[in-house]
Amino acid sequence: MTSAPTPPKPQKVLVRRHSPIVRITHWINAVSLCLLLLSGLQIFNAHPHLYWGQQSDFGHGWLSIGAYDVGDHPRGVALVGDTAFHTTGFLGASKVGGVWMARAFPAWLTLPAEQYLALGRRWHFFFAWVFAINLTLYLASAVIGGHLRRDLAPTWAQLKPRHVLHEIWDHMRLRFPKGEDARRYNVLQKGAYLGVVLLLLPVMILSGMTMSPSLDADFPWLVELFQGRQSARSIHFITASLIVVFFLVHMVMVVLSGTWNNVRSMITGRYAIEVAPPTAVPPEPIGDAP
Amino acid sequence: MTLPRRGLLQGAGASLAALWLSGCDKIATNPDLVKVLSSAEVLNRRVQRLLGRGALAREFTRADITPNFKANGTINPPDADYQAMVAGGFADWKLVVDGLVERPLALSLDQIRALPSRTQITRHDCVEGWSCIGEWTGARFGALMDMAGLKPQAKHIVLHCADTLGGAKYYETLDLVDVHHPQTILAYAMNGAPLSVAHGAPLRLRAERYLGYKQAKYVMRLEAVDRFDHIAGGQGGYWEDRGYDRYGGI
């Protein structure tokens, strides 16, 4: 036998990952964002055209979803600028209970399924309050409790371009931080989470408020901020789309980096990491360090 | 063998999707749940009235006026009595002011034009999502109601309209706080010209802090009331009776 020691087998330990307030607000946020998206698409369907500026230049929106009739059923088309995308079956024209309908987003993506703006608004404005109060609680606790500074703010070392590029390269090869490094968020995670909670979600609330004529009268700076009510409606839509993109990436990353471990950590708070057993590494002699 | 099986799978998938949709919709349209959801309307109204204290809506310049102001809802009332008034140039038209007032009125268009007026270039926001900027000139609603003398028990003004839309007469209700807002006018002119039929001739409401469906067109009668639950669907407006919120500020 050779004297080379076998490397110690890593040990799984459960660490406290998410505080109760993070877990509770995470799930309330997830449910409200889902309902806000579906009811929001219902509201969008009432006028599936987006413009820039204060008012609507009918027929010249930068985004327009419509339908035209060919043969036995309507065909859907989405116009982005001057580019037409044929989207029959999804955007513009889709089947509802086996019957072709001209509608921007399909029934399975709107709340309620049928075209019913009034009810979509009721869902939207109720969960807008749930979402906004929840986000406020989360942000307040993140600032006061130190979650923002401790867990989300990147360290200077993490912000070095070489480190960021290294993380990107590792993520592209689906290599995620392991062991002690998995105790904290990596810089890409921190960037994504900060971007969502400090930018995308607040912009959703502010651009949503700007669509209210009463709030525009009360807070004219809202309209100034977005350069017009129709711009605010466009930004509301674009920001919602970015949140959907974040959600899709979030789901892929949850699955790739250990579905059950991630889901458990957001439910019970416990997250498993692999660490070297403490006894396996002989302690370094504590010398006379300068 | 593969084809029928594929058909079967597709069929199963489609019926699962249908089940999912109908299940979701049972929840989405459940009346008790909708009642809970509607509580947000009360919150919106209270919070916005508390925060805003009736600030004026932004006013624009002539350069901002759209050449393409969309006319929505009723654009040509099918009602025979209204069409007769159009044919007669609204010569015999009179605005009736009654209900809980000290002095019921019946005013001709000329008499309304002689009342304290206001001209404002504002943004009209439709509940569907679009906006258009136009100039409105009209009699100040508050001054008009002062002329009639509101009785102390009056709480709302019902605007009864000439147009029938989808089998029912259009109507709206406004709370007194909104009636007395400086930008709440009964407009008889748009962009410097008499109101067109499509935009509500001869008289329409402009309440600039609110969405388009509150801006009743073809106004015939103002009725001061202490309650409106006995009128039409009882929700305080044509669209309100069809599920829209009465506040209309968001």
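Visitor: Which residue is the bridge partner of A67(A) in β4(A)?

Guide: That partner is G76(A). Bear in mind that this is a predicted model.

Visitor: And how many bridges join β3 to β4 of chain A?

Guide: Eight bridges join them. Strand β3 of chain A covers residues 63-70, strand β4 of chain A covers residues 73-80, and the two run antiparallel.

Visitor: What holds strands together in general?

Guide: Strands of a sheet pair through backbone hydrogen bonds, in either a parallel or an antiparallel way.

Visitor: OK, what is the strand order in the open sheet of chain A?

Guide: The order is β2-β3-β4-β5, four strands with antiparallel pairing. At the edges are β2 (49-50) and β5 (83-86) of chain A, each of which pairs on one side only.

Visitor: Switching topic. How many residues does each chain put into the contact between A and B?

Guide: Chain B gives 41 residues and chain A gives 32 residues.

Visitor: Which elements of chain B give two or more residues to that side?

Guide: They are α1 (2-28), α2 (31-52), β3 (117-125) and β4 (131-140) of chain B. The largest share comes from α2(B), with nine residues.

Visitor: What classes of residue are on that side of chain B?

Guide: The side of chain B that touches chain A has 21 nonpolar, eleven polar and nine charged residues.

Methods
Residues are numbered from 1 along each chain as its sequence is written. Chains are lettered from A and ligands numbered from 1 in the order in which they are written. This is a predicted model: local features need pLDDT of at least 70, side-chain atom pairs count only at pLDDT 80 or more; totals for chains, interfaces and linings use all residues. Two residues are in contact if their C-beta atoms, placed from the backbone, lie within 7 Å. Ala, Val, Leu, Ile, Met, Phe, Trp, Tyr, Cys and Pro count as nonpolar, Asp, Glu, Lys and Arg as charged, and the others, Gly among them, as polar. Two strands pair if DSSP finds at least two bridges between them.
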